[in-house]
Amino acid sequence: MPGPLSGFSMTKYKVIYEPIHAEEENGTHLYTDVYPCNSHRQTETAEDFDDGKSDFTAPDADDMDRNDEDMMVDVEEFEGVDTDATDASRTSHEKSDVDASLRDGKIREAPIIVEAMKALADLQKKLNPPRKTGNGHLDPKINPFVRSRMEGMRCLLNFFTNPRSTTHAHWGASSLQASVALGRGVYCARQLRKLARQFIDDRKILPVNPYGEWNQTMLVDEDLASDINLYLQELGKDITAAKIVKFLARPDVKLKHGITKKISERTARRYLHLLGYRWMTAKKGQYADGHERADVVWYRDNRFLPKMKDLLAREKIWTNDNEQVEGPIPGRRVVKWLHDEAVFYAHDRNKRGWYHKDAAAKPYKKGEGASLMVAELVSADFGWLQSPDGKESARVVMKPGKNKDGYFTSDEIITQAQKAMDICKKYWPEYEHVFIYDNAPTHLKRPEDSLSARRMPKFTPKIGHNWGIEVTKRDAEGKPVYLPNGSPEKIKIQMGDAQFEDGTPQPLYFPEGHPRTGVFKGMATILEERGFGDMSKVLAECKGFKCAPPAIDCCCRRILYNQPDFTHVETILETYCKNQGFQVIFLPKFHCELNFIEQCWGYAKRLYRLNPESSQEAVLERNTIAALNAVPLESMRR
Ligand SMILES: [Zn+2]
């Protein structure tokens, strides 16, 4: 197999052949295409692994399409061959390929290295445009289909131009090396050469999918993918593969996209999968597209991704062969723990359908049989967060019926974090532990007196009035105090101090000695103290706080909102863990790249379903825990 990948910074790629489940529309399986693991890894939600028989860890031999049989070609064969025009390197399958443009000698000819290097530099820039400040990279908004092709091209050009690469200056061998690195075969190598050659010539990226068979992946056509997406949104809940088949057979659609033949339902399901839909149990909520919401994008690009990049450099990476590779930066190793919650049902029979994988989850209603909610932390290095002997664990098990909304409370999340930190400190003190949580409101809870510009009045309240935050009154033990009518008693508290740019505190209430001692200053005064000048003419807030972009200094509320101390209010969980030397990171909304914990749930649920059905809560709990404990560590490293 391939030689050492020296000097080559490889994006992790993986071919993922995933059996979906037995309850699919007509019982056949479908398989995903290749995706770069980093950005578009196709992880399954727990409910997807419904087929107790299918092997979760190993790809089925049957799933390999014919292109992959070609993978067995030895790289040695290509040594010293600068082009792959020799017949020996082409299989009969390739010769019959319909794509006649491949006969164009230029595509096969090796490019000049200097030109390839220039193209590589341009490609890198497209993939990671530098920020204007010169620090870090902007996230280029590239369609996933195009991005996957570009990553493949980058891989090839790197092998070809990097003097430390074993296939340096060998075009055919470099393409094969790239293809093997991507887990694909000769067909892919050829498509990569074609894509790269075209890019070197005119910086165009052809709509060619190197990773799959051309006829099965019309979705590489972004226009078509976007039309299908629109149609699916129109359909809402009632998505079926048959409807996609009909949609693509419509004369207007066929004409617009140059479709000549009817696709099969199997292919339609594959498309659904590629577009992010999963055949699974309803999450009790409708799919809402939040990917492009400005706050989500801002958080992802400015907070989440930079933090993850820092961590990655000090992590141990698990390869597809279950081997460990050290991250490039020396120093204290990082262990990432992913937190997640899952529900196990006694009667594991729910209504199934196609749902987008990022559809928002809502609490489950009661009356669906006994259920058990489990919150776990898991890492690729150690598995579920527990002591090596399994006696101490950060696992929390809850019966949702006991809690009115079926979710863990903020206090329970803190208690669990404490358990987790205790175990980490005791057994793995040499590592830097990082906890990663999703953005559920209980995880993001902030102290009651936290800074927030949301409800602040613009001016100092009139004589005899004040402004504060309304909170539930609590007794000495922290329990809510109730009024005779049964509702919790409310009291007003002062908001905590803000911070000037230099870090000194800025009280929001007038100080001792001021004629209005203890009264809220108002947004105008707060901003004026920060050097914003006369705010009397500036609006308190734009109508409905729907400021028109770029929304920087349109109104008092927006200006304050954008101030660093108002933007970075730590959550209770963050502060709590930070005080003990543990970092907490929150996943951006709608982000799926890190949720390998879902695979662990999926595995556990498949094991769980092997048990006979029972309504007894004790049996449910016993079976659930046995299933969780039986998830092999190797499956968590994928
Ligand atoms: Zn505004």
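Tutor: A definition comes first: a helix axis is a line fitted to the C-alpha atoms over the stretch in contact, and the angle between two axes runs from 0 to 180 degrees between their N-to-C directions. Two packed helices are described by this angle and by the distance between the axes. Please keep in mind that the model is predicted.

The pair in question is helix α10, residues 241-249, and helix α12, residues 265-274. Their axes are 8 Å apart, and the helices pack at an angle of about 100°. Angles of 65 to 115 degrees count as roughly perpendicular, and α10 and α12 are therefore roughly perpendicular to each other. On the side of α10, the contact is made by A241, A242, I244 and V245. On the side of α12, E265, A268, R269, Y271 and L272 take part. Sorted by class, this contact has seven nonpolar residues, two charged residues and no polar ones.

The largest nonpolar core has 40 residues, and W337, L377, L385, A420, F435 and A604 touch the most other members. Among the elements that give two or more residues to this core are β6 (334-345), β8 (371-379), α14 (410-427) and β11 (432-437). The largest share, seven residues, comes from β6. Leaving out residues up to four places away in sequence, F435 touches W337, H339, L377, A417, A420, C577, F582 and V584. A second, separate core has 26 residues, including W171, A173, V186 and A189.

Strand β8 also holds L372. This residue is partly exposed, because 19 other C-beta atoms lie within 10 Å, whereas a buried residue needs 20 or more. L372 and E621 are 249 residues apart in sequence, yet their C-alpha atoms are 6.9 Å apart in space. Apart from neighbours within four places in sequence, L372 is in contact with F344, V397, K399, L620, E621 and T624.

Finally, the backbone deserves attention. Most residues other than glycine have a negative phi. A169, however, has a positive phi near 70°. A169 is found in the loop between α6 (144-161) and α7 (171-181), and counts as partly exposed because it has 16 C-beta neighbours inside 10 Å. F545 has a positive phi as well, near 55°. F545 is placed in the loop between α15 (523-529) and α16 (556-561), and with 14 C-beta neighbours inside 10 Å, F545 counts as partly exposed.

Notes
Residues are numbered from 1 along each chain as its sequence is written. This is a predicted model: local features need pLDDT of at least 70, side-chain atom pairs count only at pLDDT 80 or more; totals for chains, interfaces and linings use all residues. A nonpolar core is a set of buried Ala, Val, Leu, Ile, Met, Phe, Trp, Tyr and Cys residues joined through C-beta atoms within 7 Å. A residue is buried if 20 or more other C-beta atoms lie within 10 Å of its own, exposed if 12 or fewer, and partly exposed in between; C-beta atoms are placed from the backbone. Helices (H or I, at least four residues) and strands (E, at least two) are DSSP runs, numbered from the N terminus. Two residues are in contact if their C-beta atoms, placed from the backbone, lie within 7 Å. Angles under 35 degrees count as roughly parallel, over 145 as roughly antiparallel, 65 to 115 as roughly perpendicular and the rest as oblique. Ala, Val, Leu, Ile, Met, Phe, Trp, Tyr, Cys and Pro count as nonpolar, Asp, Glu, Lys and Arg as charged, and the others, Gly among them, as polar.
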